[in-house]
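Dear colleague,

Please find the structure below, handed over for your study.

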Amino acid sequence: MKKIIAILFVVVLLGSCSKKAYLFTSFREPADQGLRMLYSKDGYLWKDLDTVFLKPGVGIQKIMRDPSIVQGPDAVFHLVWTSSWRGDKGFGYASSTDLIHWSEQRLIPVMEHEPTTVNVWAPELFYDEDGKQFIIIWASCIPGRFEKGVEEDSNNHRMYMTTTSDFKTFSPTRLFLDPGFSVIDAVIVKRAMNDYVLVLKDNTRQERDIKCAFADNPLGPYTNVSKPFTDSYTEGPSVVKVKDDWLIYYDSYRKKIYELSVTKDFISFENSSGKITIPEGHKHGTIFVVKKKILNDLLKYRDKK
């Protein structure tokens, strides 16, 4: 019995001494306040930092929706976001070393060359370690560019992309994904060397659910689009690996709750929504891992405000 107790004590001690934490970017409707974040020690139980870390200042509407953060190899955090529902030909960008103090905001005009672009939605960052570059993907609608489905021409989206190593110069924008249907809210996931998954929302009226596609390169092409693994009226997938499981969080917007699907292989999925806590009001963001010191500094900053 003493041996069992000793083992349990060590397990608890090691868990409490973890040097990492999970952060989940967020915003609140009507999206004019700015960057918020949730935090978690295990990837399942989330608490709200309950403060605004950056107020949006670029774009026609000057909102901040769908904030995505990635930490580069130099430890700098890079943030991109949707700056307007419609009208902007780019997305917002800022950087930080501590998630508290931010650089001057810029609008990155990635669709300026396409004057009829309706929108630039949900830019998502991915750092490609092999290519030593950041890949940014987003959804845009260019009326008349693709075969019209059941959606209005102003809602027939495809995924576009650019790459950068320094957020000063960017590769020419190009089409990233045309799966033959309107698609938004895509996230690149690296499973292993030459093994990538794209988690995406099929935004067609008869679907409006989340699926996967697969590639051997982060730039694609992504093929073999799966059947949906969520109900209809779901969007904004966020993916994080916890131990041997891939956790896919998503906004079930008709139910007005967040849900979770867990998978080991992106083929079989288990709805594990009963295992999570998500603060009310949380909206579409991305999950990333930080050193616990970063979280502790954020908590101190919050408590001083």
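Which exposed residues does the face of H2 turned away from its buried side carry? Please bear in mind that the model is predicted. The residues in question are Lys293, Lys300 and Lys304. On the other hand, Lys292, Ile294, Leu295, Leu298 and Leu299 of H2 are buried. Viewed down the axis of H2, the buried residues fall within an arc of 155 degrees, so they line one face of the helix. Helix H2 comprises residues 292-304, and its 13 residues should span 18 Å at 1.5 Å a residue; the end C-alpha atoms are 19 Å apart, which agrees.

Aspartate 297 is partly exposed at 27% relative accessibility, whereas lysine 293 is exposed at 57%.

Salt bridges in the whole structure number 17. One of them links aspartate 50 with arginine 36, with the closest N and O atoms 4.0 Å apart. Aspartate 50 lies in the loop between strands E3 and E4 and arginine 36 in strand E2, so the pair ties together parts that are 14 residues apart in sequence. Aspartate 50 is exposed, at 52%, but arginine 36 is buried, at 10%.

Finally, there is an open sheet of four strands in the order E8-E9-E10-E11, paired antiparallel. Strands E8 and E11 stand at the edges with a single partner strand each, so one side of each has no neighbour in the sheet.

Yours sincerely

Key
Residues numbered from 1 in each chain as written. Predicted model: local features only at pLDDT ≥ 70, side-chain atom pairs only at ≥ 80, totals over all residues. Heavy atoms only, no water. Pairing = 2+ DSSP bridges. Helix = DSSP H or I, 4+ residues; strand = E, 2+ residues; numbered from the N terminus. Expected span 1.5 Å × (residues − 1). Buried < 20%, exposed > 50% of the residue type's maximum accessible area, 1.4 Å probe, protein only. Arc of directions from axis to C-beta. Salt bridge = Lys/Arg side-chain N within 4 Å of Asp/Glu carboxyl O.
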